[in-house]
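Me: I have a model open and want to go through it piece by piece. Can you take my questions as they come?

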Amino acid sequence: EAAEMDVDPSAERRAGRRRGGALADGAAEAAEAAEGGADGGEEEAWDVEREAAADAEDAGRVGAPAGGRLAGAEEEEAAAEEEAAQEAALREEAEDAADKLARMREELERQVAGWQLGGERAVESEALWRRYEALTAPLSQELCEQLRLILEATVASKLQGDYRTGKRISMRKVIPYIASGFRKDKIWLRRTKPSQRQYQVMLCIDDSESMRSTGAGGLACEALALLCGALSRLEVGQLAVASFAERVRLLHPFDRPFSAEAGAYMLSRFSFAEKETDMEGLLRTVVQTLRLAREQQRAAAEQMQLAIIVSDGRRSPSWGDPSLWVRRGGGG
C-alpha cells in the first residue's frame with residue numbers, strides 16, 4: 001500500500017502542466033474563434049457596404065447617360081425646330097418675291113399693251129424700261145456670270161511674261177537680276193494676257209403680230225432688257241439691236257454706246273402689229289451688217305461676232321428660205 005500511494009512528484013507536475021497547457025490552448029482557440037467571428041462580421045459589413053456603393057454607382061452610370069440622351073434629344077429637337085422655322089421664313093420670302101415679280105410683270109404687260117394701242121409710246125417708254133431693268137436685274141446678274149465663262153477674253157490688256165524688253169519692270173525679278181551679276185535680264189512685262197472682251201453682238205427681236213397674239217410681246221421686251229443688261233455688265237464689246245417682221249429696222253447701231261435712253265428708244269419702236277415675218281430678209285441683213293462691222297475694225301480676222309434672235313418661231317408665207325444665209329453666216 002505504501003508503494004501504491006507513493007506518487008512521483010515530477011510526474012504529477014508534468015500532468016498539471018499538461019492540463020494547464022490544454023486549458024490555455026482551449027482559451028486561446030476560444031479567443032481566436034471569437035476574434036474571427038468579429039472579423040467575419042466586419043468583413044461582411046464591409047462587403048454589404050461595398051455592394052451598396054457599387055449598386056449606387058451603377059445606378060448613377062445608368063441614370064447619367066439617360067439624362068444626357070434626354071438633353072441631347074431636346075437640343076436636337078430645338079435645332080430641328082429652328083431649322084424648320086428658317087426654311088419656312090425663306091420659303092415665305094421666296095413666295096413673296098415671286099408674287100411681287102408676277103404682279104410687276106402683269107402690270108408691265110398691261111402698260112405695254114396700253115401704250116401700244118394709245119400711241120404715247122415715247123412718253124412712257126423710259127419709265128417702262130426702268131421697270132424692266134428692275135424686274136430683270138437678278139437674272140441679268142446671273143446671266144452675266146454664266147456668259148463670263150462662255151465668252152472668253154479676247155483683248156490682251158494685262159501685263160505678264162519674262163521679256164528682255166517691255167513696258168514695265170517686274171519688281172519681283174529685280175533682286176535675282178542683281179544677284180545673278182545682271183545675267184538674268186528677263187525682267188520686263190508686256191501686255192500679252194487677255195483680260196477684256198471685244199465681241200460684236202447683234203440682238204434681233206421679232207415685231208410681228210403673232211408675238212402679241214401669243215402673249216410673247218411682253219416676254220420679248222423683258223428678254224431685251226435682260227440681254228442688254230447682262231451684256232452691258234459683262235462689257236462684251238459692241239452691241240446692236242434690230243427689230244424684224246415685214247422689214248428689218250436697226251434700232252441701235254454697233255458704234256453707239258448702250259444706255260437707258262437707248263433702251264427706252266428701242267422699247268418705243270416695238271408695236272407687234274406687222275402681219276408678215278421675213279426670216280430670210282432678216283438673216284441677209286444680219287450677215288451683211290456683221291460683215292460691214294468687221295471690216296470697220298482694225299483686227300478684222302480676230303473679231304468675234306454673235307447674233308441672237310428672239311422670236312415665237314411661227315412661219316408665215318413670207319418666211320422665205322433662210323438656209324443659204326445661215327451657211328454664209330457660219331462661214332460655209
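This is a predicted model: local features need pLDDT of at least 70, side-chain atom pairs count only at pLDDT 80 or more; totals for chains, interfaces and linings use all residues.

Me: How do strand 5 and strand 6 run, parallel or antiparallel?

Reply: Strand 5 and strand 6 run antiparallel and are joined by four bridges. As for facing residues, phenylalanine 244 is opposite valine 248 of strand 6.

Me: Which residues of helix 8 are buried?

Reply: Met279, Gly281, Leu282, Leu283, Val286, Val287, Leu290 and Ala293 are buried.

Me: And what do those buried residues pack against?

Reply: They pack against strand 4 (199-206), strand 5 (237-244), strand 6 (248-252) and strand 7 (304-310), and also against helix 9 (323-329).

Me: What happens at the start of helix 8?

Reply: There, aspartate 278 has a side-chain oxygen within 3.5 Å of the backbone nitrogen of glutamate 280.

Me: New topic. How many salt bridges are there?

Reply: The count comes to four salt bridges. In general, side chains of opposite charge can pair when their charged atoms come close.

Me: Where does arginine 249 find its salt bridge partner?

Reply: Arginine 249 forms a salt bridge with aspartate 207, with 3.1 Å between the closest N and O atoms. Aspartate 207 is in the loop between strand 4 and helix 5 (209-213) while arginine 249 is in strand 6, so the pair ties together parts that are 42 residues apart in sequence.

Me: Which values of relative accessibility do those two have?

Reply: Aspartate 207 counts as buried, at 0% relative accessibility. Arginine 249 is at 21% and counts as partly exposed, because the cut-off for buried is under 20%.

Me: What does glutamate 133 pair with?

Reply: Glutamate 133 meets arginine 130 in a salt bridge, 3.9 Å from N to O. The two are three residues apart in helix 3 (residues 121-150), so about one helical turn separates them. Glutamate 133 is partly exposed at 30%, and arginine 130 is partly exposed at 42%.

Me: And arginine 148?

Reply: The side chain of arginine 148 meets that of glutamate 145 in a salt bridge of 3.4 Å, N to O. Both residues lie in helix 3, three residues apart, which is about one turn of the helix. Arginine 148 counts as partly exposed at 34% relative accessibility, and glutamate 145 does at 37%.

Me: While we're in helix 3, how far is glutamine 146 from leucine 234?

Reply: Their C-alpha atoms are separated by 9.9 Å, and the residues are 88 apart along the chain. Glutamine 146 is in helix 3 and is partly exposed, with a relative accessible area of 43%.

Me: Last topic, backbone angles. What is phi for glutamate 235?

Reply: Phi of glutamate 235 is near 55°, a positive value in a residue other than glycine. Most residues other than glycine have a negative phi. Glutamate 235 is in the loop between helix 6 (216-234) and strand 5 and is exposed at 61% relative accessible area.

Me: And phenylalanine 272, what phi does it have?

Reply: Phenylalanine 272 has a positive phi of about 50°, although it is not a glycine. Phenylalanine 272 lies in the loop between helix 7 (260-268) and helix 8. With a relative accessible area of 1%, phenylalanine 272 is buried.

Technical notes
Residues are numbered from 1 along each chain as its sequence is written. Side-chain values use heavy atoms; hydrogens and water are left out. Buried means under 20% relative accessible area, exposed over 50%, partly exposed in between (1.4 Å probe, protein chains only). Contact means heavy atoms within 4.5 Å. A polar contact is a pair of N or O atoms within 3.5 Å; within protein, one must be able to donate a hydrogen and the other to accept it, and residues adjacent in sequence count only if both atoms are side-chain atoms. Two strands pair if DSSP finds at least two bridges between them.
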